[in-house]
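Student: I'd like to learn how to read a structure like this one. Can we go through it together?

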Amino acid sequence: MPRVSHSEAEREQMRQRILAAARTLFQEGGLEAVSMRAIGRRVGLTAAALYAYFPDKAALLRALWHDALHDLTVRLQRISADEADPLAAIRALAAAYTDFAEEDPVRFRVLFLRADATPEQTMADQPDIYTPYLLLRAQIETALRRGLFDPASDADLVAQAIWGAVHGVLTLHNDCLDFSFRPLRLLAGLVVDTMIDGLARPPRTRKARP
């Protein structure tokens with residue numbers, strides 16, 4: 001049986017193996033299938049030895065969540081920094097979100113583990129969970145300032161509508177495995193384009209909101 005790694009490189013290598021095993025178990029059987037004992041069997045460590053890397057299951061789940069959120073955030077921050085046109089940025093942010101969900105559906109699901117999924121989880125209490133949303137909202141604020149959207153709109157309403165619409169497509173695609181969806185990029189792109197076109201219309205052509 002492998003010994004507990006002590007060098008920084010060895011520890012990080014084993015940590016990544018543990019997280020990969022946890023993602024596989026999550027994919028195969030959901031959150032209930034992720035146990036320290038099952039992970040230990042996958043990586044060749046006893047459950048007790050795993051505590052050298054993660055003190056408990058909650059810490060391991062937080063690491064899965066944090067790694068997924070970090071990778072998504074880095075992608076979105078790069079787009080926000082490089083794209084000067086807010087409408088192009090909104091489309092690119094939605095495309096990156098779509099790619100993340102399509103490339104690794106398990107990590108996409110991990111992003112939305114709720115604090116009440118298990119009694120000990122506290123993931124949703126971490127403020128950086130909102131960074132991807134705030135990046136989208138900032139581009140929408142810029143579009144509003146430049147007069148690219150109906151001035152009657154507000155940034156949070158638009159951001160939540162776009163996020164909700166794109167997320168709905170991605171969730172359906174990931175959950176309804178037997179349905180023959182059109183390409184995910186095409187679906188999500190149509191949703192975003194339709195919403196942007198609708199928001200750009202003069203206020204008189206849109207129904208008043210209650």
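Student: How many residues of helix 5 are buried?

Tutor: Buried means under 20% relative accessible area, exposed over 50%, and partly exposed in between (1.4 Å probe, protein chains only). Here, 13 of the 18 residues of helix 5 are buried, so the rest of the structure largely encloses this helix. Helices are DSSP runs (H or I, at least four residues), numbered from the N terminus. Keep in mind that this is a predicted model: local features need pLDDT of at least 70, side-chain atom pairs count only at pLDDT 80 or more, and totals for chains, interfaces and linings use all residues. Residues are numbered from 1 along each chain as its sequence is written, and side-chain values use heavy atoms, with hydrogens and water left out.

Student: Which residue forms a salt bridge with Arg185?

Tutor: A salt bridge is a side-chain nitrogen of Lys or Arg within 4 Å of a carboxyl oxygen of Asp or Glu. Arg185 pairs with Asp99, their closest N and O atoms being 2.8 Å apart. This pair links distant parts of the chain, with Arg185 in helix 9 (residues 184–199) and Asp99 in helix 5, 86 residues apart. Asp99 counts as buried at 19% relative accessibility, while Arg185 is partly exposed at 46%.

Key. Helices (H or I, at least four residues) and strands (E, at least two) are DSSP runs, numbered from the N terminus.
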